[in-house]
Amino acid sequence: MSYVIEGSTGPWEVVIGLEVHAQVISKAKLFSGASAHFGADPNMHVSLVDAAFPGMLPVLNRECVDQAIRTGLGLNAKINLMSRFDRKNYFYADLPQGYQISQFEFPIVGEGTIEIELDDGSVKNIGITRLHLEQDAGKSIHDLAPKETCVDLNRSGVALMEIVSEPDMRSPEEAGAYLRKIRAIVRYLGTCDGNMEEGSMRADVNVSVRKAGEEYRTRCELKNINSIRYVMQAIEIEAKRHVEIYENGGEVDQETRLFDVARGETRTMRSKENAHDYRYFPDPDLLPLIVEQSHVDHLKSTLAELPDDKRNRFQSEYGLPRYDANVLVAEQDIANFFEKVAKGRDGRMASNWVTGELFAVLNKKGLTIHESPVSAEALGGLLDLIADNTINGKIAKEVLEDMVETGDMPADIVERKGLKQVTDTGAIEKVIAEILVANPDKVEQYKSGKDKLFGFFVGQVMKVMQGKANPAIVNELLKKQLS
C-alpha cells in the first residue's frame, strides 16, 4: 500500500530526495597530510592548509579519489574520467578559508541506481544523481562557554563523498531502506564506516508534498540528521507541516530547516540558498582531475562482493529464502560470521541458529556480532553435534547458554554435563513401555481417536529421559507400541 497523508482536501503524496554525506576512510585529509582519525583532542589534527594559512596550497589525496570511484562503482554509476574541483563560497566560523573546495558542474561520479527492498518484499530502484568529493568544515561548539563559540578544526579538510539521490522516494520507509542500503554498500566497500552517531555519515533530507499527478511543489531541506530513525520521523513531521500549510491556503517557503528530536518538530534554520548564492568557480590551485579508464577497471576488479551479489549467492549456494539472506547480508560482519558457520554444513540450519538463537543472546546482552562470546567455529561445532545425533536441538540450546557463560567448546560441555543423546532403541522402548503401563486410561483414549494425546506420551518419555532421547526415534517407537 502506498504511503499518503490524508488531509481535509484528500490524499497527499510525499516526495523525498536525500543527500548523504559519507566521510571517506583514509589516513589523511582530502588536500593535506593531516590525520583524518576521529576522536582526538580539539585542534590536534590540523595542518596549515586546514587552518587556511596564507600561501598554503592544497594537494589532492589520491586514495580519497580511489575511494570515491569504488563507491561510484558500488552504486552502479558512471565514473567521469574528467572532473573538476570548485570553490563554494560562504562564510561560517568553522570554515577557515571562507570557501569549501567541492565539485559542482563536473563531479567525479555521475548517474547511477540502487535497489531497495521494503518490508512487504517489494523492490524499488532509486536513482543516484551524482557523487562528488568535497572537504568537510570544522565544528562549532556552543556549550563550553556561556558567551563564546569554540571551534575545533580537526574535521576541517576531511574528505567527504556527497551522494545525491533523485527525488524517487515516496515514504519514510523507502527513505530508511535507501539509507540502510547506502550504508551497507560503503561499509562493504570499505569506503566509509557508516557510523552515524560519530557523524561520519549523515543525511540532508529534501521533502515536498503534492497531489497525485501534479508537478513537484516547493521543497524544504532538513539538515544534518545522523540517525535513520530520525530521518524517517523528520520526513513524516515535515510532510504533515506542508499539508497543513497548503490546506490553510498558504505557501511553503523554500528553506533549510533543523529537526528538533526532543520536541518532535522542524524549525527554520535559514532561507534556502541556490547555486548562484555560493558563487561557484573553478579552484585555481587545483588542475582538472583526469582518471584513466584502465585505473577504473583495476579498481573495479578489486571490489569486495556487494550486498545484492552476496544475497543472491547465499540464496543459490545455501538454499536460503530471500528474506533470510537479506537479514544476513545487512551487515558485512554478520555475513562473514554466517559463512564460517555454514561452511560444509546445512545452510538453512546455520542461518536459523545465527539469526535465531545467537541473535537472541546478543540482543539480550546488547552485543554486536563482532563482540559475540561464541565464535563462528564454536557455533559450527555445536551444529555438528546436532547433525551427528550426539545431542538434539533442545539440548543444543542448553549447551549454547553454557558456551555464552563459560566460553567452553560445545563438545567439552556435552561431555562434562553428560548430555549425549540416547539413541539406544532398547533403552527408549523400555521407558515407553513403562509410561504406557502407567497411563492405561490415556492409551485407551488415544486408541479411540484422541490423536493429540500422542504429544503427551512424547513429553513423558522426554521428561523421564531428561530430554536426551532422540526425538525421531521416540516418535517412531512410540507409534509402533501404541498401534
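**Cores, salt bridges, a sheet and a cavity**

Modeller: The largest nonpolar core has 67 residues, and those with the most contacts inside it are Ile69, Leu75, Tyr178, Ile182 and Val205. A nonpolar core is a set of buried Ala, Val, Leu, Ile, Met, Phe, Trp, Tyr and Cys residues joined through side-chain atoms within 4.5 Å. Buried means under 20% relative accessible area, exposed means over 50%, and partly exposed lies in between (1.4 Å probe, protein chains only). This is a predicted model, in which local features need pLDDT of at least 70 and side-chain atom pairs count only at pLDDT 80 or more, while totals for chains, interfaces and linings use all residues. Residues are numbered from 1 along each chain as its sequence is written, and side-chain values use heavy atoms, with hydrogens and water left out.

Biologist: Which residues does Val205 touch?

Modeller: Contact means heavy atoms within 4.5 Å. Leaving out residues up to four places away in sequence, Val205 touches Ile16, Gly17, Leu18, Cys220, Glu221, Leu222, Ile225, Val231 and Ile235.

Biologist: How many salt bridges does a search of the whole structure find?

Modeller: Side chains of opposite charge can pair when their charged atoms come close. A salt bridge is a side-chain nitrogen of Lys or Arg within 4 Å of a carboxyl oxygen of Asp or Glu. The search finds 38 of them. In one, Arg210 pairs with Glu13, the closest N and O atoms being 2.7 Å apart. This pair links distant parts of the chain, with Arg210 in strand 11 (residues 201-210) and Glu13 in strand 2 (residues 10-23), 197 residues apart.

Biologist: Is Arg210 buried or exposed?

Modeller: Arg210 is buried because its relative accessible area is 14%, whereas Glu13, at 23%, counts as partly exposed.

Biologist: Which residues are linked in a network of salt bridges?

Modeller: The network links Glu115, Glu117, Lys181, Asp308, Arg311 and Arg322. The side chains of Arg322 and Glu117 meet at 2.8 Å, N to O. Arg322 belongs to helix 6 (residues 322-329) and Glu117 to strand 6 (residues 112-117), 205 residues apart. Arg322 is partly exposed at 28% relative accessibility, and so is Glu117 at 24%.

Biologist: What is the strand order in the open sheet of three strands?

Modeller: Two strands pair if DSSP finds at least two bridges between them. The order is 5-4-15, with antiparallel pairing. Strand 5 (99-102) and strand 15 (281-282) stand at the edges with a single partner strand each, so one side of each is left without a neighbour in the sheet. Strand 4 (residues 86-89) pairs with strand 15 over two bridges, and Asp86 stands opposite Pro282 in strand 15.

Biologist: Which residues line the largest cavity?

Modeller: On a 1 Å grid over the protein atoms alone, a cavity is a set of points where a 1.4 Å probe fits but cannot get out, and lining residues have an atom within 4 Å of a point. Grid points are joined across faces, edges and corners, and a volume is the space filled by probe spheres set on the points. The structure holds one cavity of 30 Å³ or more. The largest cavity has a volume of about 60 Å³, and its lining includes Val49, Asp50, Leu95, Gln135 and Ser156.

Notes. Helix = DSSP H or I, 4+ residues; strand = E, 2+ residues; numbered from the N terminus. 1 Å grid on protein atoms, 1.4 Å probe; cavity = no way out; pocket = protein on both sides within 12 Å on 5 of 7 lines; lining within 4 Å.
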